[in-house]
Amino acid sequence: MSVQTVILASPRGFCAGVERAIEIVERALARHDRPVYVRKEIVHNQLVIKWLCEKGANFVDELDQVPDGALAIFSAHGVSPAVRETARARHLHVIDATCPLVTKVHNEAKRYAREGYTLLLVGHSGHEEVEGTMGEAPQHTILIQNEDDARFINVPNPERVAVITQTTLSIDDTQAIVGILKERFPALVVPKKDDICYATQNRQNAVKLMAQRAQLVLVVGSKNSSNSIRLTEVAKSLGCESYLINDAGEVDPSWFEKVECVGVTSGASAPEQPVQELLDYLKKMGARKIEILEYVKEDVDFAIPAELQ
């Protein structure tokens, strides 16, 4: 192993929405004697899910696995109106951990639909956030997953088209897709404020700077974490090899051949513990210097629901 320097990204790891969602589950567990059920993964990270399970949280795929009248928490990714209606019909006590930035996109979808627009949702099929957002206006929404979709999609009225996006996408990919849509639909309406999450943007921009020096970028995060996957893609798009790992146990020493500088970051749903364990691993393997790459300081904070304050 020839690694001499590790560049550690800042910011990295938990964003405000993830911190809020985890705290909601922890407070609910502390304040309620009855079982606490969480629909889907509260955030996309296996270590976090393991921690919360050990504290007593019950994770379910759908609400039909929750007893009538029980306490249920919606994940940070948001849910569709159909899920909320199911919860009401089952008389569930619901605590909503949806990230406020995702709620913003839901509100945009509802507003544009009311105003008669066709909604073009840039996102990935099957992602929980996308399913929730599309559920707000299914008859008005078309999913755009890539540039080809943008080039060939047809809409009922080209003069009444609006675009919204999944919050955890690649900034560059999203800009390219929206650029194509603007060429095809000059009257395209875009949100006043970018839908891409501030934390997603900051972590991607930090990786762009890191990739200018590092020959390898290691991203700590789970395989189903969209924002973590995007970080590896950003590094690779700049010619820098990159791997997504849950922890140091997944590192392959062969990755470091002829690598003198390694970049380390983590997705917005990844805790700090495996990052520090990775740094310890790299030190033991010979890395002598750790540099902090501080892109920006984050001071965003989202309020906990009133019932848990």
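Biologist: How do the residues of the lining of the largest cavity divide into nonpolar, polar and charged?

Modeller: This is a predicted model, so read every value as computed from it. The lining of the largest cavity has 8 nonpolar, 11 polar and 1 charged residues.

Biologist: How many cavities of 30 Å³ or more are there?

Modeller: The count is 1 cavity. Its volume is about 250 Å³.

Biologist: Which residues lie nearest the centre of the largest cavity?

Modeller: The lining holds 20 residues. C15, V18, H77, T168 and N227 lie nearest the centre. Then look at the elements behind the lining. Those that give two or more residues to it are α1 (16-31) and α9 (226-237).

Biologist: Now the open space. What volume lies in the largest pocket?

Modeller: The largest pocket holds about 250 Å³ of space. Its lining has 15 residues. T165, T174, V178, D194 and D195 are the ones nearest its centre.

Biologist: Which element gives the largest share of the lining of the largest pocket?

Modeller: That is α7, with 6 residues. Both β8 (161-165) and α7 (171-184) supply at least two residues of this lining. By residue class, the pocket lining splits into 7 nonpolar, 4 polar and 4 charged.

Biologist: Next, rings. What describes a pair of aromatic rings?

Modeller: Two quantities do: the distance of the centres and the angle of the planes. This structure holds 2 aromatic pairs. Take Y112 and Y117 to begin. Their ring centres are 5.8 Å apart and their planes stand at 70°, so this pair is edge-to-face. Y112 and Y117 are both buried.

Biologist: And how are the rings of Y243 and W255 arranged?

Modeller: Their centres lie 3.8 Å apart, with the planes at 5°, so the pair is stacked. Y243 sits in strand β10 (residues 241-245), while W255 is in the loop between β10 and β11 (261-266), so the pair ties together parts 12 residues apart in sequence.

Biologist: Which ring has the charged end of R111 over it?

Modeller: The ring of Y112 does, with the charged end of R111 at 4.6 Å from its centre. Y117 has a partner too. R160 lies over the face of Y117, 4.1 Å from the ring centre. Y112 and Y117 form the edge-to-face pair, R111 sits over Y112, and R160 lies over Y117.

Biologist: Where is S80?

Modeller: S80 lies in the loop between β4 (71-74) and α3 (81-89). At 11% relative accessibility, S80 counts as buried.

Biologist: What separation do the C-alpha atoms of S80 and R111 have?

Modeller: They are separated by 15 Å. Along the chain, S80 and R111 are 31 residues apart.

Notes. Residues are numbered from 1 along each chain as its sequence is written. This is a predicted model: local features need pLDDT of at least 70, side-chain atom pairs count only at pLDDT 80 or more; totals for chains, interfaces and linings use all residues. Side-chain values use heavy atoms; hydrogens and water are left out. On a 1 Å grid over the protein atoms alone, a cavity is a set of points where a 1.4 Å probe fits but cannot get out, and a pocket is an open set with protein on both sides within 12 Å along at least five of seven lines; lining residues have an atom within 4 Å of a point. Grid points are joined across faces, edges and corners, and a volume is the space filled by probe spheres set on the points. Helices (H or I, at least four residues) and strands (E, at least two) are DSSP runs, numbered from the N terminus. Ala, Val, Leu, Ile, Met, Phe, Trp, Tyr, Cys and Pro count as nonpolar, Asp, Glu, Lys and Arg as charged, and the others, Gly among them, as polar. Rings of Phe, Tyr and Trp (its six-membered ring) pair if their centres lie within 6.5 Å; planes under 30 degrees apart count as stacked, over 60 as edge-to-face and the rest as tilted. Buried means under 20% relative accessible area, exposed over 50%, partly exposed in between (1.4 Å probe, protein chains only). A charge sits over a ring if NZ of Lys or CZ of Arg is within 6 Å of the ring centre and within 35 degrees of the ring normal.
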